[in-house]
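Have a look at the structure first, then read on.

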Amino acid sequence: MKFSNTAPIFGLALAALALPACQTRSYPPLQRTQSVDIPRFMGDWYVIACIPSFVERHEFNAVESYHLDPAGRILTVFTFNKGSFQGPLKRYTPVGFVTEGTQGTVWGMRFVWPIKADYRVIYLAADYSETVIGREKRDYGWIMARSPTIPDSDYQRLSALLDTQGYDTTLLRKVPQQVRGVPEH
């Protein structure tokens with residue numbers, strides 16, 4: 001498996017995450033899940049849907065994998081096929097940092113040193129099977145699950161959660177996932 005050099009993309013990803021921070025629109029604080037057991041949260045999360053950054057606009061088979069290192073950092077590997085199920089494999093490796101005093105619900109996600117992008121766990125199923133990640137600016141959001149598909153009723157409920165948090169859910173895009181060679185939508 002060959003991965004492309006992603007260093008130039010990190011700068012572009014950083015710009016995409018930083019530009020919305022220049023906006024003056026203010027929102028009430030996001031409502032977050034009460035707490036996150038960080039070790040239990042680790043592992044693979046399939047991206048079911050997202051309000052995408054420019055990097056994510058044409059993603060297929062998107063998976064975000066988290067691993068806790070001994071220093072307490074969250075080593076992240078985000079992979080997806082660009083443009084189609086057979087498209088080139090893209091790989092990004094940001095590092096997450098849990099913000100003290102937030103019970104694991106607020107992270108800084110660093111794509112390029114020294115800037116950390118806002119990352120907030122706004123929903124987490126009691127069994128850690130589904131999660132919704134948001135940002136205070138309501139510019140990007142992610143619905144993720146431990147499996148590549150979720151029931152439509154769950155998708156509708158999680159999409160409605162983003163809507164009640166002030167997101168424009170018309171921008172929400174389902175991420176096509178492929179299971180055992182069969183496309184899932």
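Is Arg120 buried or exposed? Arg120 counts as buried, at 15% relative accessibility; buried means under 20% relative accessible area, exposed over 50%, and partly exposed in between (1.4 Å probe, protein chains only).

Before going further, a word on the ground rules. This is a predicted model, in which local features need pLDDT of at least 70 and side-chain atom pairs count only at pLDDT 80 or more, while totals for chains, interfaces and linings use all residues. Residues are numbered from 1 along each chain as its sequence is written, and side-chain values use heavy atoms, with hydrogens and water left out.

**Confidence**

The protein chain has a mean pLDDT of 85, and 83% of its residues reach 70 or more; pLDDT is the predictor's confidence in each residue, from 0 to 100. Residues 1–24 have a pLDDT below 50, and beyond near neighbours in sequence this stretch has 30 contacts in the model (contact means heavy atoms within 4.5 Å). Where pLDDT is low, the predicted coordinates should not be read in detail.

**Salt bridges**

The whole structure holds eight salt bridges, each defined as a side-chain nitrogen of Lys or Arg within 4 Å of a carboxyl oxygen of Asp or Glu.

Arg120 lies in strand 7 (residues 115–124) and Glu136 in the loop between strand 8 (130–134) and strand 9 (141–145), so the pair ties together parts that are 16 residues apart in sequence. Strands are DSSP runs (E, at least two residues), numbered from the N terminus. Glu136 is partly exposed at 21%, whereas Arg138 is buried at 7%. A network of salt bridges links Asp118, Arg120, Glu136 and Arg138.

**Around Thr76**

Thr76 sits in strand 3 (residues 74–82) and is buried, with a relative accessible area of 2%. Its contacts, not counting residues up to four places away in sequence, include Tyr66, Tyr92, Gly96 and Met109.

Strand 3 runs antiparallel to strand 5 (residues 95–98), joined by two bridges; strands pair if DSSP finds at least two bridges between them. Ile74 stands opposite Gly96 in strand 5. Strand 5 also pairs with strand 6 (residues 106–112) in the antiparallel sense, over four bridges, and Phe97 has Gly108 in strand 6 as its bridge partner.
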